[in-house]
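Have the structure open while you read.

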Amino acid sequence: MYSPSTLAGNRLFVYEVAGLNQNDNTDSLDYSIRQSGSVFFTVPYSRMNQEMRRITRLGGRIVSIKPFNGIAPVATVSSASTPQPIAQSSPVPEQTKKKAMTQAKEKTDIPVNIYRPNQPFIGKCIENYALVDEGGIGIVQHVTFDLSGSDLRYLEGQSIGIIPPGTDANGKPHKLRLYSIASTRHGDKLDDKTVSLCVRQLEYQHPETKETVYGVCSTHLCNVEVGADVAITGPVGKEMLLPGDEDATIIMMATGTGIAPFRAFLWRMFKEQHEDYKFKGLAWLIFGVPKTANILYQEELEKIAAEFPDNFRLTYAISREQQNPQGGRMYIQHRVAEHADEIWNLLQSPKTHAYMCGLKGMEDGIDDAISGAAAKNGADWSVYQKQLKKEHRWHVETY
């Protein structure tokens, strides 16, 4: 339950490992390996499962795992301990190494700014289709770009920049706009050669002239033709990354195109097959839209919910078709309020991560909703939320 004394440092653990010998595989590790005895290194909570598997692959044996207390451990070798058998790694067939799903993108380092605005990668649009059904509001497109020939790689939860063609009113090149990536690191084609976006055409009324103004970059992307060139930068972002814990509880709160990173999460969890990641936890998506016709990726989301009822929960807030308890429109904050006690209880587990993506206006309402549940348990939500942020379990990307 609520414990304001929990420290972020408690989410680091020290592994003592024996049996690792320097070789081609261990050369790339970021800690030293001894020829004998033990090696100590610090592992974040979110990477514990991956590190265990990697140590086994390298022929090592975990002697102990202890919480990190801020004091660097001293390496010791106990001659009295009984030797344990060391797991041996089997040679990897060459054809397996070449498979797209086991390429460099499986590395857990975070790629950032591989391509910058002064030297963007020029990709090509290979797909552009509508996501809003008839009767829906606005224009939202799913756009996919070919990355063949580039070094661009990314992780779920990151963003890329798009530089629209042409110049602004001052004759200068347009500045880039950032868009959350809607595909997994392997791309919609599962070949590690594409990236997809979920783009809504920005449309608003000029406050003085009252003319309808359309966003430069969003209009460009919503209307880009298959085969057209697109200037791409990035990737960027570390705030919205998916934890590596396969047993985690992932609460996702989205409005509109804020679904993009969560589509990537869910596709990785449920639609793709990975040797090193098999999600066994709970994923809960609370999705706010104006109309049923605006439920982006509805068919695929509901298919996942039907196939994985024990691991995926789907909750809609459809503002123009549903009413909140006060008789007004049902926005996402009202739906969160309905489940606030359950969300609060889930947040007490160190395995729970909460994500928010979409319109900035959703933040205050969601905070108010969870504040009530926290107060019932004698807690101050603002204090507890800061603790969650320090533990990297409360992730927000709003605009």
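The protein's secondary structure comes to nine helices and 16 strands, where helices (H or I, at least four residues) and strands (E, at least two) are DSSP runs numbered from the N terminus. Keep in mind that this is a predicted model: local features need pLDDT of at least 70, side-chain atom pairs count only at pLDDT 80 or more, and totals for chains, interfaces and linings use all residues. Residues are numbered from 1 along each chain as its sequence is written, and side-chain values use heavy atoms, with hydrogens and water left out.

Of the 399 residues in the protein, 45% are buried (under 20% relative accessible area; exposed is over 50%, partly exposed in between, with a 1.4 Å probe and protein chains only). Take the contacts (heavy atoms within 4.5 Å) between residues at least 6 apart in sequence: 73% of them join residues at least 24 apart.

Now for two helix pairs. Axes are lines fitted to C-alpha atoms, for helices over the stretch in contact, and angles run from 0 to 180 degrees between N-to-C directions.

| Pair | Axis distance | Angle |
|---|---|---|
| α4 (residues 260-271) and α5 (residues 298-307) | 11 Å apart | about 40 degrees |
| α7 and α8 (residues 362-376) | within 8 Å | roughly 70 degrees |

The α4 angle makes that helix oblique to α5 (under 35 degrees counts as roughly parallel, over 145 as roughly antiparallel, 65 to 115 as roughly perpendicular and the rest as oblique). On the α4 side, Arg-263, Leu-266, Trp-267, Phe-270 and Lys-271 meet Glu-300, Leu-301 and Ile-304 of α5. These contact residues split into five nonpolar, no polar and three charged (Ala, Val, Leu, Ile, Met, Phe, Trp, Tyr, Cys and Pro are nonpolar, Asp, Glu, Lys and Arg charged, and the others, Gly among them, polar).

As for the other pair, α7 is roughly perpendicular to α8. Ala-340, Asp-341, Ile-343 and Trp-344 of α7 touch Ala-369, Ile-370, Ala-373, Ala-374 and Lys-376 of α8. That contact has seven nonpolar, no polar and two charged residues.

Which residues of α7 (residues 340-347) are buried? They are Ala-340, Ile-343, Trp-344 and Leu-347. Looking down the axis of α7, its buried residues fall within an arc of 100 degrees, so they line one face of the helix; the arc is that of the directions from the helix axis to the C-beta atoms.

One last stop: Arg-335 sits in helix α6 (residues 332-338). With 12% relative accessibility, Arg-335 counts as buried. Beyond its neighbours within four places in sequence, Arg-335 contacts Ile-286, Thr-315, Tyr-316, Ala-317, Gln-322 and Met-330.
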